[in-house]
Amino acid sequence: MSAIFNFQSLLTVILLLICTCAYIRSLAPSLLDRNKTGLLGVFWKCARIGERKSPYVAVCCIVMAFSILFIQ
């Protein structure tokens, strides 16, 4: 089943996107900072969410990992 139709898979993909963009921005900030608008601006926005809301994102990662490992 596609991640679009399964809500838990969609949340996992979004969470991984946020974490990946924040990590890439910490390594190479100029890579994401030059694309703040348009379609590639989504990655810059995900990186900003990952940076500013990092405690909440970390808690969501832990809950999602627990859910995938022990509930499914």
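1. How far apart do the end C-alpha atoms of residues 54–71 lie, and what are the percentages of helix and strand in the span? The end C-alpha atoms lie 25 Å apart, and the span is 100% helix and 0% strand. Helices here are DSSP runs of H or I with at least four residues, strands are runs of E with at least two, and both are numbered from the N terminus.

2. On provenance, this is a predicted model, in which local features need pLDDT of at least 70 and side-chain atom pairs count only at pLDDT 80 or more, while totals for chains, interfaces and linings use all residues. Residues are numbered from 1 along each chain as its sequence is written, and side-chain values use heavy atoms, with hydrogens and water left out.

3. UniProt, in an unreviewed entry, places a "transmembrane region" at residues 54–71; such annotations may be inferred rather than shown by experiment, and their positions are given in the numbering used here, with feature names shortened.

4. I62 belongs to helix α4 (residues 54–71) and is exposed, with a relative accessible area of 61% (buried means under 20%, exposed over 50%, partly exposed in between, with a 1.4 Å probe and protein chains only). The C-alpha atom of I62 is separated by 17 Å from that of F7, a residue 55 positions away along the chain.

5. The count of aromatic pairs comes to 1. The rings of F66 and F70 have their centres 5.0 Å apart and their planes at 50°, so the pair is tilted (rings of Phe, Tyr and Trp, the last by its six-membered ring, pair if their centres lie within 6.5 Å; planes under 30 degrees apart count as stacked, over 60 as edge-to-face and the rest as tilted).

6. F66 and F70 are 4 residues apart in helix α4, and are therefore separated by about one helical turn. F66 is partly exposed at 48% relative accessible area, whereas F70 is exposed at 61%.
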